[in-house]
Amino acid sequence: MASLQVFCVSNQYWNSIRVPKARTNKFSLGSSVIRSEEVGSLNLNKENDRKKPQILIAGGGIGGLVLALAAKNRGFEVKVFEKELSAVRGEGQHRGPIQLQTNALAVLEAIDKDVAEQIRDAGCITGNRINGLADGRSGEWITKIDLLTPALTRGLPVTRVICRMTLQDILMDAVGSDIVYNRSNVVDIIEEPDKVTVVLEDGRRFEGDLLVGADGIWSKVRSKLFGWKEAKYSNYTCYSGLLDYVPPYNDTVGLRVFLGLNQFFVALDVGGGKMQWLSFHKEPPRNTDPLGGKKKRLLELFGSWCDEVTMLIAETPEHIILQRDIYDRDMICCWGRGLVTLLGDAAHPMYPTLGQGGCMAIEDCYQLIVELEKVVESNSGTKMSEEISHALKRYERNRVIRNGILHAVARMALRMVSFYIPNLNFGWRIRDPAFHIARFVSGLVMQRMMNWIINGDGV
Ligand SMILES: Cc1cc2nc3c(=O)[nH]c(=O)nc-3n(C[C@H](O)[C@H](O)[C@H](O)COP(=O)(O)OP(=O)(O)OC[C@H]3O[C@@H](n4cnc5c(N)ncnc54)[C@H](O)[C@@H]3O)c2cc1C
């Protein structure tokens with residue numbers, strides 16, 4: 001969009017940008033308005049007879065750690081049980097970078113200003129450059145999305161990309177290793193009217209006032225609550241790669257999604273002289289390539305695409321290329337019962353087409369802590385366990401619509417690729433007029449949707 005080009009200036013410049021103080025960090029998350037300057041005084045020193053609920057968290061991925069941080073900062077006693085610390089990065093060996101969009105960064109600022117600053121400093125700003133969709137074969141832009149204007153208008157941090165390991169290291173440092181129990185695989189939960197017990201694989205048991213299942217798409221807590229169900233295969237597999245490369249368009253392009261029929265390719269600058277790419281291809285699940293055959297296959301699939309795509313594949317060393325199948329689950333409106341709830345991918349795993357799964361987990365954390373604070377403040381005389389149970393339901397109600405919309409849009413975005421008609425170009429640059437109309441409409445709709453997402457509106 002035109003406004004993006006106006007704002008599109010060098011990366012270096014925007015890295016040093018600070019949003020004017022008076023407008024900083026006002027972020028609307030549903031009915032709550034967060035101002036990070038106020039967070040420090042969020043009842044931390046309030047005299048209250050009621051003890052703060054003891055929070056148990058299954059899973060120390062992005063959601064689990066951010067929740068632990070928010071809880072710790074507000075004086076809650078909290079314990080995180082993580083299956084394997086080396087998987088704390090969220091996706092095991094797939095430790096690629098993650099895009100944290102404005103909405104998630106704003107929430108992080110509200111939760112912990114210092115941590116948010118460390119994340120901002122370690123990240124690479126992409127939201128100040130051109131982001132959008134392009135045709136895979138010609139490389140021509142189809143739709144450009146302005147991520148900068150909505151952020152600046154509201155005085156919110158600009159979207160950036162950060163290495164998952166760096167992100168988790170920052171969060172781990174802030175949370176503390178005394179709170180995160182490593183090699184602690186949650187295998188069972190015992191629900192009682194006034195407490196909940198977590199059972200670990202090695203037989204240890206821990207009691208708390210509530211349990212949050214932040215244990216990802218394959219959540220044990222979710223299956224204990226609602227029974228085991230297979231995740232839904234998206235019909236797409238995803239290859240990813242990371243390479244040392246600074247393209248000539250680096251100062252102007254942040255993230256570009258190249259489209260083709262039944263396949264698409266995402267290329268993004270992740271800072272530090274590195275580019276990441278993700279290539280999605282429609283095929284049956286559990287397909288494997290012969291040893292050393294991933295790059296060959298990718299070049300067969302994408303070999304006729306534009307130079308930006310083929311070059312990134314060709315220059316990536318074979319051993320860096322990873323493959324995984326992409327899954328989500330149907331959206332559910334009930335995330336828990338009694339003293340147990342779910343958060344992040346455990347509650348609402350979504351396709352990565354919007355790059356919002358981790359961001360939504362971070363938003364969930366804020367809302368959950370806001371509701372738990374109300375339990376501590378309450379003087380209603382109701383039993384604490386009942387108040388916690390109501391608080392968890394309020395959290396769920398506040399988060400389910402926004403997450404449900406993003407879940408649906410992420411699915412729709414993937415389906416649309418199955419109908420994508422490559423840019424019709426007959427040599428004389430005569431194009432199907434429908435292409436221009438579709439481009440115009442999709443641009444309008446996508447920009448409005450992105451504004452809604454990154455401004456944290458909804459619910
Ligand atoms: C290809 C791809 C690209 C993506 N890109 C982005 C992006 O750019 N931006 C974005 O916001 N999101 C992105 N996502 C989505 C994002 O990765 C997830 O939404 C996010 O990691 C969810 O965080 P979580 O904490 O809920 O779960 P996870 O990050 O999966 O963490 C769950 C944790 O629980 C632990 N665990 C699991 N079971 C147990 C158990 N029984 N006991 C104890 N611990 C357990 C795991 O080891 C793990 O550490 C992407 C996803 C994919 C697949």
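User: How do α10 and α11 run relative to each other, roughly parallel or roughly antiparallel?
Analyst: Bear in mind that this is a predicted model. In it, the axes of α10 (residues 294–302) and α11 (residues 307–315) cross at roughly 170 degrees. Angles over 145 degrees count as roughly antiparallel, so that is what α10 and α11 are to each other.

User: And how close do the axes of those two come?
Analyst: The axes of α10 and α11 come within 10 Å.

User: Which residues of α10 and α11 meet there?
Analyst: From α10 you have Lys295, Leu298, Leu299 and Phe302, and they meet Val309, Thr310, Ile313 and Ala314 of α11. By class, that contact has six nonpolar residues, one polar and one charged.

User: OK, another pair. What's the angle between α6 and α8?
Analyst: About 160 degrees, with the axes of α6 (residues 113–122) and α8 (residues 164–175) lying 10 Å apart. That makes α6 roughly antiparallel to α8.

User: Is the crossing of α6 and α8 left-handed or right-handed?
Analyst: Right-handed, as α6 passes α8.

User: What residues make up that contact between α6 and α8?
Analyst: On the α6 side they are Val115, Gln118, Ile119 and Ala122, and they meet Thr166, Leu167, Ile170, Leu171 and Ala174 on the α8 side. Seven of the residues in this contact are nonpolar and two are polar, with no charged ones.

User: Switching to the ligand. How many residues surround it, and which are the closest?
Analyst: There are 35 residues around the ligand, and the closest are Gly59, Gly61, Gly216, Gly344 and Gly357.

User: Which element gives the most to the shell?
Analyst: That's α12, with four residues. Helix α12 covers 357–377, and α4 (62–73) and β5 (97–100) also supply at least two residues each.

User: Last bit, the whole chain. How many helices and strands are there?
Analyst: The chain has 14 helices and 20 strands.

User: What share of the residues counts as buried?
Analyst: 46% of the 459 residues in the chain.

User: And how much of the contact set is between residues 24 or more positions apart?
Analyst: Taking the chain's contacts with a separation of 6 or more, 76% are between residues 24 or more positions apart.

Conventions:
Residues are numbered from 1 along each chain as its sequence is written. This is a predicted model: local features need pLDDT of at least 70, side-chain atom pairs count only at pLDDT 80 or more; totals for chains, interfaces and linings use all residues. A residue is near a molecule or strand if its C-beta atom, placed from the backbone, lies within 6 Å of it. Axes are lines fitted to C-alpha atoms, for helices over the stretch in contact, and angles run from 0 to 180 degrees between N-to-C directions. Angles under 35 degrees count as roughly parallel, over 145 as roughly antiparallel, 65 to 115 as roughly perpendicular and the rest as oblique. A crossing is left-handed if the near helix is turned anticlockwise from the far one by less than a right angle, and right-handed if clockwise. Two residues are in contact if their C-beta atoms, placed from the backbone, lie within 7 Å. Ala, Val, Leu, Ile, Met, Phe, Trp, Tyr, Cys and Pro count as nonpolar, Asp, Glu, Lys and Arg as charged, and the others, Gly among them, as polar. A residue is buried if 20 or more other C-beta atoms lie within 10 Å of its own, exposed if 12 or fewer, and partly exposed in between; C-beta atoms are placed from the backbone.
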